[in-house]
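Thanks for coming. I will take one chain and go through it piece by piece, with the cut-offs given as the terms come up.

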Amino acid sequence: MNYPPKKHQDDDINHIIEVIKSYPLATVISVKDDEPLITHLPLVYENGKLIGHIDIYNPQAKLLKDNNKVTIIFAGPECYISPSVYSTTQLPTWNYIKVHLKGTVKAIESKAALKESLITMTEFLEAPEHKYVLEPENPRLDANLKYIEMFEITITDWEGKFKLSQDKKPKDINLARKELIRANQESIKQFLDKVI
């Protein structure tokens, strides 16, 4: 991201971090022999890096180490915005929030660090209610550590794509925001009614 004033760059990165924290399921993309390998994993943003875990049998696990390059995509809310939503004449559009990151990845070999990280990630994902606590002495946790690898991504490029009717009048921006909330709640319900 290249923004002239540093204040704008800091604001944009803060918005990107908020997307990562609110929508932590990432699309992680590595390339081997000109073929992309893609896995969907929750990643936690910690001290300027992304922390994740992967099953050792996932073919992508072999690439999540040795400072290999990786691309990460986070997806926030999105929806179609009908012109009928606005108070002024507009054309149809699609509003969305996406984050594209590039970085280098290294494996974290310590099983103690892996265990602590799994506990920390569970605590983060359980927020704010914390209905479940992954205890350090959980026997299933210890038994599964040998099947999980931990990795850390150093972010080298940040790109936030926030298309939220920003070019409209304040009243129409607010109407589009309300539609984004309404449409996401409704589309999730309709989809789940069809598949479950």
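**A patch on the surface**

I start with a nonpolar surface patch of about 540 Å², made by I188, F191, L192, V195 and I196. Patches are made of residues with over 30% relative accessible area and no salt bridge, where nonpolar side chains (Val, Leu, Ile, Met, Phe, Trp, Tyr) are joined within 5 Å and like charges within 9 Å. The areas come from the Shrake-Rupley method with a 1.4 Å probe, and for residues only the protein chains shown count as cover. A salt bridge is a side-chain nitrogen of Lys or Arg within 4 Å of a carboxyl oxygen of Asp or Glu. I188 is found in helix 4; helices (H or I, at least four residues) and strands (E, at least two) are DSSP runs, numbered from the N terminus.

Two remarks on the source. This is a predicted model, in which local features need pLDDT of at least 70 and side-chain atom pairs count only at pLDDT 80 or more, while totals for chains, interfaces and linings use all residues. Residues are numbered from 1 along each chain as its sequence is written, and side-chain values use heavy atoms, with hydrogens and water left out.

**The chain as a whole**

The chain has 4 helices and 7 strands. In sequence order the pattern is α-β-β-β-β-β-β-α-α-β-α. The C-alpha trace spans about 60 × 45 × 35 Å along its principal axes. Of the 196 residues, 35% count as buried. Buried means under 20% relative accessible area, exposed over 50%, and partly exposed in between (1.4 Å probe, protein chains only).

Contact means heavy atoms within 4.5 Å. Among contacts between residues at least 6 apart in sequence, 70% join residues at least 24 apart.

**The inside**

Which residues have the most contacts inside the largest nonpolar core? They are L43, L50, I72, F74 and L101, in a core of 25 residues. Two or more residues each are given to this core by helix 1 (6–22), strand 1 (25–32), strand 4, strand 5, strand 6 (93–108) and strand 7. Helix 1 gives the largest share, 5 residues. A nonpolar core is a set of buried Ala, Val, Leu, Ile, Met, Phe, Trp, Tyr and Cys residues joined through side-chain atoms within 4.5 Å.

Take L50 as an example. Leaving aside neighbours within four places in sequence, L50 is in contact with residues including I20, L43, I72, F74, L101 and F151. Apart from this core lies another, of 9 residues, among them I51, I119, L141 and L145.

**Charged pairs**

Side chains of opposite charge can pair when their charged atoms come close. How many salt bridges does the rule give? The count comes to 8.

One of them joins E152 and K106, with the closest N and O atoms 3.9 Å apart. This pair links distant parts of the chain, since E152 is in strand 7 and K106 in strand 6, 46 residues apart. E152 is buried, with a relative accessible area of 15%, whereas K106 counts as partly exposed at 40%. K49, K106 and E152 are linked in a network of salt bridges.

K115 and D142 also meet in a salt bridge, at 2.8 Å from N to O. K115 lies in helix 2 and D142 in helix 3, 27 residues apart. D142 counts as partly exposed, at 39% relative accessibility.

**Backbone details**

Is S165 buried or exposed? S165 is buried, with a relative accessible area of 4%. Phi of S165 is near 60 degrees, a positive value in a residue other than glycine. S165 sits in the loop between strand 7 (148–163) and helix 4 (170–195). The side chain of S165 makes a polar contact with that of N95 (3.0 Å). A polar contact is a pair of N or O atoms within 3.5 Å; within protein, one must be able to donate a hydrogen and the other to accept it, and residues adjacent in sequence count only if both atoms are side-chain atoms. N95 lies in strand 6 and is buried, at 2%.

N67 also has a positive phi, about 60 degrees, although N67 is not a glycine. N67 is in the loop between strand 4 (49–55) and strand 5 (68–81), and counts as exposed at 53% relative accessibility.

Last, the peptide bond from A127 to P128 is cis, with omega near 5 degrees. P128 lies in the loop between helix 2 (111–126) and helix 3 (139–144).
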